[in-house]
Amino acid sequence: MEVTPPGAPGTGAQADRLAAPHPPQAPRRLYFLDWLRIIALALLVLYHVGMYYVSWDFHVKSPFAGPALEPWMKLSEPWRMGLLFFVSGAASAHLFSGGPSLALVRRRSRQLLWPLLCGVVLLVPPQSYAEVVQKFGHAGGFVDFLGLYFSGYHGFCRDGHCLILPTWNHLWFLPYLWVYTMLLCAVLAVRPQALRSAARRVHQASGAAALLVVPMLFLLAARLLLVARYPVTHALWGDWFTHAVSLAMFAAGAVVAVQPALWERVASVRWIALPMAAAAWVALVVVKPPQPVVHAVLAAYAWAAALAAVGFAVRHLDVDATVRAWLVEAVFPVYMLHQTLLIVGSQWLLPLRWPPALEGPVLVVLTLSLSVVGVELIRRVAVLRPWFGLRPRQGAVGPLPVAVP
């Protein structure tokens with residue numbers, strides 16, 4: 001058999017094989033995005049448990065609610081959701097890396113809208129029932145309440161505000177993410193290189209100072225121009241301040257994701273961003289700046305903390321672990337289940353009148369334990385999987401994250 005020497009041109013079929021382009025390698029999974037999602041979910045569960053004990057408005061409140069935990073709640077409150085939208089934007093950019101298509105639109109819509117429908121129909125009603133019993137003194141049973149819930153009853157009102165039924169409560173993230181994903185798909189359908197072009201410009205123009213300051217100025221402008229006129233409602237339409245911030249964070253994540261060098265740029269400023277975030281938190285809880293200075297502090301905190309979180313994750317969390325795959329799959333169902341379990345659990349524990357120092361940790365453990373039980377059930381029942389954001393069994397965790405709750 002004749003063998004072509006290395007470096008010599010081949011002949012015949014061999015030449016055709018050598019001339020054919022090599023198939024592109026599958027993109028490496030960005031493990032740090034997985035860990036950021038997992039950490040953000042853990043913070044979300046702790047935050048929602050904390051909401052039961054602070055003076056801020058929540059669906060139900062502990063009889064011992066007060067301001068003691070509020071400074072610690074502010075450790076994550078200004079930046080946690082922005083980080084999730086940033087990570088979701090990065091995941092969406094990878095999803096559409098081969099170009100948008102109707103198949104991807106259908107797939108992403110199924111991943112986000114089916115769980116939203118499931119949540120509105122099955123998971124949120126117990127939350128709303130507990131809310132109307134505690135806040136409005138509703139004396140009817142849960143079955144009676146379901147008739148009101150699904151008929152769009154608007155009679156639960158206080159201080160001129162009526163409870164909207166049916167509702168999505170903590171699942172508001174899903175319709176927002178779906179809208180932003182469809183916007184990205186539309187942009188890429190019209191301008192396929194839009195993300196890469198934007199990433200090149202950002203890479204060329206953003207030194208450390210610009211990377212830190214320019215987004216803070218944008219968030220400050222959004223707060224000064226929009227937050228008073230359009231306070232946060234999570235109602236999708238008319239929630240323009242939330243859209244300005246969340247869509248910007250989503251777009252930032254998508255742009256960074258298509259230019260790998262930008263991940264290193266983010267990591268390089270982590271030790272600048274972290275003390276900036278810490279100083280902003282101290283200013284919020286100790287100095288308590290007046291308006292409009294507080295807007296500048298919140299804008300700085302929201303971006304610096306998210307930037308630090310991503311930077312440290314890029315540098316230290318881009319690693320795999322045995323438990324990661326299970327946690328990645330569990331994130332979406334736990335996100336859907338946790339608040340219902342938390343609220344129902346809080347009402348079960350209410351007659352015991354335990355102090356928050358005892359009841360709070362029990363509520364955290366109860367919520368997480370029951371969420372894990374729910375995840376294991378959902379993972380094993382094929383018909384439940386798509387309703388809780390999981391792919392069919394044959395669709396194991398792929399090379400890049402695609403479902404980011």
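Good morning. I begin with Pro-166, which is located in the loop between strand 2 and helix 7. Helices (H or I, at least four residues) and strands (E, at least two) are DSSP runs here, numbered from the N terminus. The model is predicted, and local features need pLDDT of at least 70, side-chain atom pairs count only at pLDDT 80 or more, while totals for chains, interfaces and linings use all residues. Residues are numbered from 1 along each chain as its sequence is written, and side-chain values use heavy atoms, with hydrogens and water left out.

Let me stay with this loop. Most residues other than glycine have a negative phi, and most peptide bonds are trans. The bond from Leu-165 to Pro-166 is cis, with omega near -10 degrees. Leu-165 has its place in the loop between strand 2 and helix 7. With a relative accessible area of 3%, Leu-165 is buried; buried means under 20% relative accessible area, exposed over 50%, and partly exposed in between, for a 1.4 Å probe and protein chains only.

What is Leu-165 in contact with, leaving aside its neighbours within four places in sequence? The partners are Ser-128, Phe-145, Tyr-149, Gly-152, Tyr-153 and Phe-156, where contact means heavy atoms within 4.5 Å. Val-202, by contrast, is 37 residues from Leu-165 in sequence, and their C-alpha atoms are 43 Å apart in space.

Asn-169 also lies in the loop between strand 2 (161-162) and helix 7 (173-190). Its phi is near 45 degrees, a positive value in a residue other than glycine. Is Asn-169 buried or exposed? At 13% relative accessibility, Asn-169 counts as buried. Not counting residues up to four places away in sequence, Asn-169 touches His-59, Val-124, Gln-127, Ser-128 and Gln-339.

Two further backbone points belong here. Asp-159, in the loop between strand 1 (157-158) and strand 2, has a positive phi of about 55 degrees although it is not a glycine. Asp-159 is exposed, with a relative accessible area of 70%. A cis peptide bond also joins Gln-291 and Pro-292, with omega about -5 degrees; Pro-292 sits in the loop between helix 12 (270-287) and helix 13 (293-316).

I turn now to helix packing. Two packed helices are described by the angle between their axes and the distance between the axes. The axes are lines fitted to C-alpha atoms, for helices over the stretch in contact, and angles run from 0 to 180 degrees between N-to-C directions. Helix 5 (residues 102-136) and helix 6 (residues 142-150) have axes that come within 10 Å and cross at roughly 110 degrees. The two helices are therefore roughly perpendicular; angles under 35 degrees count as roughly parallel, over 145 as roughly antiparallel, 65 to 115 as roughly perpendicular and the rest as oblique.

Which residues meet in this crossing? From helix 5 come Val-120, Val-121, Val-124, Pro-125, Pro-126, Ser-128, Tyr-129 and Val-132, and from helix 6 Phe-142, Phe-145, Leu-146, Tyr-149 and Phe-150. By class, the contact of helix 5 with helix 6 has 12 nonpolar residues, one polar and no charged. Ala, Val, Leu, Ile, Met, Phe, Trp, Tyr, Cys and Pro count as nonpolar, Asp, Glu, Lys and Arg as charged, and the others, Gly among them, as polar.

Helix 10 (residues 240-257) and helix 11 pack at about 115 degrees, their axes 6 Å apart. Val-255, Val-256 and Ala-257 of helix 10 make the contact with Pro-260, Leu-262 and Trp-263 of helix 11. Six nonpolar residues, no polar and no charged ones take part in the contact of helix 10 with helix 11.

Rings of Phe, Tyr and Trp (its six-membered ring) pair if their centres lie within 6.5 Å; planes under 30 degrees apart count as stacked, over 60 as edge-to-face and the rest as tilted. Phe-32 and Trp-263 are edge-to-face, 4.9 Å centre to centre, with 75 degrees between the planes. Phe-32 lies in helix 2 (residues 31-51) and Trp-263 in helix 11 (residues 260-268), so this pair ties together parts that are 231 residues apart in sequence. Phe-32 is buried at 2% relative accessibility, and Trp-263 is buried at 5%.

Tyr-149 and Phe-150 form an edge-to-face pair, because their ring centres are 4.9 Å apart and their planes stand at 85 degrees. Tyr-149 is buried at 0% relative accessibility, whereas Phe-150 is partly exposed at 45%. Finally, one aromatic cluster is formed by Phe-85, Trp-172, Phe-173, Tyr-176, Tyr-180, Phe-250, Phe-332 and Tyr-335. Thank you.
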